[in-house]
Amino acid sequence: AYKALIVEEPEAHLHPQLQVVLLDHLQDIETPVPGQKPVQVFVTSHSPHFASAAKLDSLACLHQGEGKIGAFFPREATFLPKKKEKLQRYLDVTRADLFFARRLILVEGAAERFLVNAMAAKMGIKLREHSVTILSTEGLNFDCFAPLFGGTAIPIRVAILTDADAPGYPALGATPTMSAAATAIAKLANTHIKAYFAARTLEYDLALLPANQEHMLTALADIHPGIAADLKLKVDASAAADKPRELFRGMFDRGPTVSNVKKGEFAQALAAVIADATVSFTTPAYIADALAYVTAP
């Protein structure tokens, strides 16, 4: 006889760590001991803890959008070699939120997570009300996540925010020269995924906007007052066209003999400055475009 165990929302009132213990137990049930027949287990859940601990091949994603309800099985996605295994390792409890998001922004790291959320709030955009999740891929690992989204996969809007890594110091509004990595990321675009690029890096694009330069120095002074004082003198003495370059180099390209400012630490300080209601801050165009895409009706 066929045996099945069907459990609905087992995470209810259950401690997050015990959710993982329960999932391990349910997965063990499917492997029969000698003399017993196998039991197929079905679990419905809204818990990212379950989603992060489950095997990727065992997941079925139900989604509602575009006027219909559908299902997608990650095991049917086409991954480049070794990318599926990499994704399985990445799916900790934070990144497993991607299975429950209605809209998604993929960024490189913690700095972008802090600042994109802060800039959205400054623009009056409440990402939570739009069910938008900002997810870090910890580098340029967008190709691990992209196969999960699209017209034949999970049909939600996904914006990729990354750097063109153009050489030199492009002027504001200039069309950036795309690096090989950026060109490869651009090819991930499909009916639901769009990629948006900084001219060089997020921090440089922030410095390109004159309204932001003073606030970047204020944030730097909060974590490195000595560096900030010296850099302010250099920036103030520079011509307007050279200020973005001096500001960026003074923090993130300081030379081989001194340490650069840590981007994650700076992003936290700058996010706090942006949150001040009296501060006027300008969001780079590529980020504003990405926010418009994921929050559009």
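These legends describe close-up views of a predicted model. Local features need pLDDT of at least 70, side-chain atom pairs count only at pLDDT 80 or more, and totals for chains, interfaces and linings use all residues. Residues are numbered from 1 along each chain as its sequence is written, and side-chain values use heavy atoms, without hydrogens and water.

**View A. K84 pairs with D57 in a salt bridge.** The closest N and O atoms are 2.5 Å apart. A salt bridge is a side-chain nitrogen of Lys or Arg within 4 Å of a carboxyl oxygen of Asp or Glu. The pair links distant parts of the chain, 27 residues apart: K84 sits in helix α3, D57 in the loop between α2 (48–53) and β3 (61–65). Helices (H or I, at least four residues) and strands (E, at least two) are DSSP runs, numbered from the N terminus. K84 is partly exposed at 23% relative accessible area; D57 is partly exposed at 40%. Buried means under 20%, exposed over 50%, partly exposed in between (1.4 Å probe, protein chains only).

**View B. E138 and R95 form a salt bridge.** Their closest N and O atoms lie 3.1 Å apart. E138 is in the loop between β6 (132–136) and α5 (142–145), and R95 in the loop between α3 and β5 (103–107). E138 is partly exposed at 46%, whereas R95 is buried at 10%. D92 joins R95 and E138 in a network of salt bridges.

**View C. K232 meets D236 within helix α9 (residues 225–237).** The N to O distance of this salt bridge is 3.3 Å. The two residues are four apart, so about one helical turn separates them. K232 is partly exposed at 41%, and D236 is partly exposed at 47%.
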